[in-house]
Amino acid sequence: MKYKHVVITHPGGPDVLKMVEDELREPKAGEVRVKILATGVAFTDVMMREGVYPGVPELPYSPGYNIVGTIDKLGQEVSDFTLGQRVVALTIVGGYSEFLCIPAHDLVPVPESADSILAVSVVLHYLTAYQMLHRVARVEAEERILIHGAGGGVGTALLELGKLAGLEMYGTEAQAKHALVSQLGGIPIDYQSEDFGDRIRQLTTGGIDVVFDAIGGLNLWRSYRLLCQGGRLVNYGFLSAFKGSSNKMVAIGATLVQVGLLNLIPDTRKASFYSIASYKTKHPDWYREDLTILLNLLAGGQIKPVIADCLPLAEAIHAHELLDQGAVSGTLILICNQ
Ligand SMILES: NC(=O)c1ccc[n+]([C@@H]2O[C@H](COP(=O)([O-])OP(=O)(O)OC[C@H]3O[C@@H](n4cnc5c(N)ncnc54)[C@H](OP(=O)(O)O)[C@@H]3O)[C@@H](O)[C@H]2O)c1
């Protein structure tokens, strides 16, 4: 049987994405074949498309960091799942596809009352936000946090989960997304027309407990300066490397070096880098535990992920164009099977 998937043919802009047809393979022992209902489209996919994401397969390959689907076929030695069961997984690659074989230990069941599209959006953005809040920064109620890019996929998840944790929240964003940031409980700051550091100092006294910074580069120093003693800076992205950097790999490396340099400052503030992929490898138990908590919050109506749009898999190029234009608020979804 044939199946369709979208592959990155070579590094470049959105038009390097191409729909191809291949022979469907059988799941190996320990694997499950999933019929994918939907996959998320996120900035990490843009990094893969541009050839600056580490640890990916050789080209051509399908991007697609997170999926929701139903179990189509069980490989040998898999006993925990049943045919037709609905599951999510953080696949890192491979999600832009009608079918995918996935190790069974990567799958997490979706509660019956949870919507599939909302469930897939929980996997990347909310798991990132949850683990940064509760595993890395270990936030406590009433702490004050600053989120850069608060209207984006991870940003909106941080706002929703931060509100549940009882945090005081500030978020930098372009003006167009301020209503969304306010609606989710954050105080918006326009990073394009004002200095966010000055604005924070006007609005608060005593500094910020935790800054979540996916901008990187020199922004990290500006974020760090806002921290109170005992404050934590969590870097998890390199957006500045994609805005006007001639060599993205060098700019990404420079951000990681700066996280290390900040930790050499002799004070009680701390900087760290979070990677969902490394966390999943190092702590597979946390991956399943945290995802289960989030899916239950979703099923209970305590979180309501913001869905930017749902497009058919065949419109993957358009989805990447939207991301490149910064025209996405929340999570953008590709529908892989109706
Ligand atoms: N380390 C990890 O495990 C992990 C996991 C998930 C995501 N990420 C990374 O996290 C970042 C965000 O991902 P996402 O999916 O949330 O992307 P997204 O949906 O595109 O959100 C990013 C947001 O940041 C805003 N922004 C851009 N430059 C900014 C600046 N200088 N100051 C404040 N806001 C700015 C963008 O809006 P405008 O451009 O319109 O202002 C956009 O709303 C990406 O770099 C991604 O690779 C890392």
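Is Glu77 buried or exposed? I counted 10 other C-beta atoms within 10 Å of Glu77, so this residue is exposed. My cut-offs: a residue is buried if 20 or more other C-beta atoms lie within 10 Å of its own, exposed if 12 or fewer, and partly exposed in between, with C-beta atoms placed from the backbone.

Before going on, I noted the ground rules. This is a predicted model, so I take local features only at pLDDT of at least 70 and side-chain atom pairs only at pLDDT 80 or more, while totals for chains, interfaces and linings use all residues. Residues are numbered from 1 along each chain as its sequence is written.

Most residues other than glycine have a negative phi, and most peptide bonds are trans. Glu77 sits in the loop between E4 and strand E5 (86-90). For element names I use DSSP runs numbered from the N terminus: helices are H or I with at least four residues, strands are E with at least two.

Ile92 also has a positive phi, about 70 degrees, and is not a glycine. I found Ile92 in the loop between E5 and strand E6 (99-103). Ile92 counts as buried because it has 21 C-beta neighbours inside 10 Å.

Then I checked omega: the peptide bond joining Leu59 and Pro60 is cis, with omega about -5 degrees. Pro60 lies in the loop between H1 and strand E4 (66-74).

**Domains**

I took the bounds from an automatic or database domain assignment. The assignment gives domain 1 (2-122 + 284-335) and domain 2 (125-277). Their C-alpha centres lie 26 Å apart. I find 18 residues of domain 1 in contact with 18 residues of domain 2; contact requires C-beta atoms, placed from the backbone, within 7 Å. On the domain 1 side, H2 and helix H9 (284-299) each give two or more residues, and H9 has the largest share, with four. By class, that side has 11 nonpolar, five polar and two charged residues. I count Ala, Val, Leu, Ile, Met, Phe, Trp, Tyr, Cys and Pro as nonpolar, Asp, Glu, Lys and Arg as charged, and the others, Gly among them, as polar.

**Core**

Next I opened the largest nonpolar core, which has 97 residues; Val88 and Ala119 touch the most other members. Such a core is a set of buried Ala, Val, Leu, Ile, Met, Phe, Trp, Tyr and Cys residues joined through C-beta atoms within 7 Å. H2 gives the most to this core, with 12 residues. I listed the contacts of Val88, leaving out residues up to four places away in sequence; among them are Ile67, Val110, Ala119 and Leu291.

**Ligand shell**

Which residues come nearest to the ligand? Of the 29 around it, they are Gly149, Gly152, Gly153, Gly237 and Gly326. I count a residue here if its C-beta atom, placed from the backbone, lies within 6 Å of the molecule.

**Helix H10**

I ended at Gly326, which follows H10 and has a positive phi near 65 degrees. The buried residues of H10 (residues 316-324) are Ala316, Ala319, His320 and Leu323. They are on the same side of H10 because they cover an arc of only 95 degrees around the axis, taken from the directions from the helix axis to the C-beta atoms.

Definitions and conventions. Two residues are in contact if their C-beta atoms, placed from the backbone, lie within 7 Å.
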